[in-house]
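Biologist: Hi! Could you walk me through this fold? I'd like to start with the strands.

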Amino acid sequence: MVYIYKYESPIGDLTAASNGVALTGLWFDGQKYFGSTLTEEYEERDLPVFAKTRDWLDLYFYGENPDFMPPIAVSGSDFRKAVWNILRQIPYGKTMTYGEIAKKMARQMGTAQMSAQAVGAAVGRNPISILIPCHRVVGSNGSLTGYAGGIEKKAALLSLEKVDMEQFDKE
């Protein structure tokens, strides 16, 4: 069974999904790829994993860097999982470009290069927003491009983490 939980954040409502033990999805309501891990049947229920996720989000939206993580279970291709693992390594308050992630992926895969567009597609399909911080990925040209939840939310999350927003072109 798949379970969901609704969370009201200061920048928009979120829906969390769980397999009953681990978090399997977290999306801004209405975002691109919303509910990508949901089955046709699911039940709204408050579970321990949602309580831990709620605690994490409360701290985060209060402007703190939580020092714990709820259990997470992501499903996807090995490539996507590897990209999402790199996202989890981007420190709070820091950013990384799609090109930098592509270079890391190329090294991990033992290839000369990796497509930043392929990385971008994997980043865009991240099923657990905020906790797997795809909002910390920016364009190499200084743009805040590519956030499924919308550029305004991406900018708000980065501002919350006290990232210097003057460095980014917000087009």
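Modeller: Happy to! One term before we start: two strands pair if DSSP finds at least two bridges between them. Keep in mind that this is a predicted model. In E4, Glu43 is the bridge partner of Tyr3.

Biologist: In which sense do E1 and E4 pair, and over how many bridges?

Modeller: E1 and E4 pair in the parallel sense, over three bridges.

Biologist: What's the strand order of the open sheet?

Modeller: The four strands run E3-E2-E1-E4, and the pairing is mixed. E3 and E4 (42-44) are the edge strands, each pairing on one side only. On average, neighbouring strands are turned by 25° against each other, direction ignored.

Biologist: And which strands does H1 touch?

Modeller: H1 packs on the sheet and touches E1, E2 and E3, with its direction at about 20° to that of E1.

Biologist: Switching topic: which residues touch the most other members in the largest nonpolar core?

Modeller: Those are Leu57, Leu87, Ile101 and Ile130, in a core of 37 residues. H1 gives the most to this core, with six residues.

Biologist: What does Ile101 touch, leaving out residues up to four places away in sequence?

Modeller: Ile101 touches Val83, Ile86, Leu87, Met96, Val119 and Val137. There is also a second, separate core of seven residues, which includes Leu144 and Phe168.

Biologist: Last one: at what angle do the axes of H3 and H4 cross?

Modeller: They cross at roughly 100° and come within 8 Å, so H3 and H4 are roughly perpendicular to each other. Residues making the contact include Ile101 and Met105 of H3 and Val119 of H4. The contact residues divide into seven nonpolar, two polar and no charged.

Terms used:
Residues are numbered from 1 along each chain as its sequence is written. This is a predicted model: local features need pLDDT of at least 70, side-chain atom pairs count only at pLDDT 80 or more; totals for chains, interfaces and linings use all residues. Side-chain values use heavy atoms; hydrogens and water are left out. A nonpolar core is a set of buried Ala, Val, Leu, Ile, Met, Phe, Trp, Tyr and Cys residues joined through side-chain atoms within 4.5 Å. Buried means under 20% relative accessible area, exposed over 50%, partly exposed in between (1.4 Å probe, protein chains only). Helices (H or I, at least four residues) and strands (E, at least two) are DSSP runs, numbered from the N terminus. Contact means heavy atoms within 4.5 Å. Axes are lines fitted to C-alpha atoms, for helices over the stretch in contact, and angles run from 0 to 180 degrees between N-to-C directions. Angles under 35 degrees count as roughly parallel, over 145 as roughly antiparallel, 65 to 115 as roughly perpendicular and the rest as oblique. Ala, Val, Leu, Ile, Met, Phe, Trp, Tyr, Cys and Pro count as nonpolar, Asp, Glu, Lys and Arg as charged, and the others, Gly among them, as polar.
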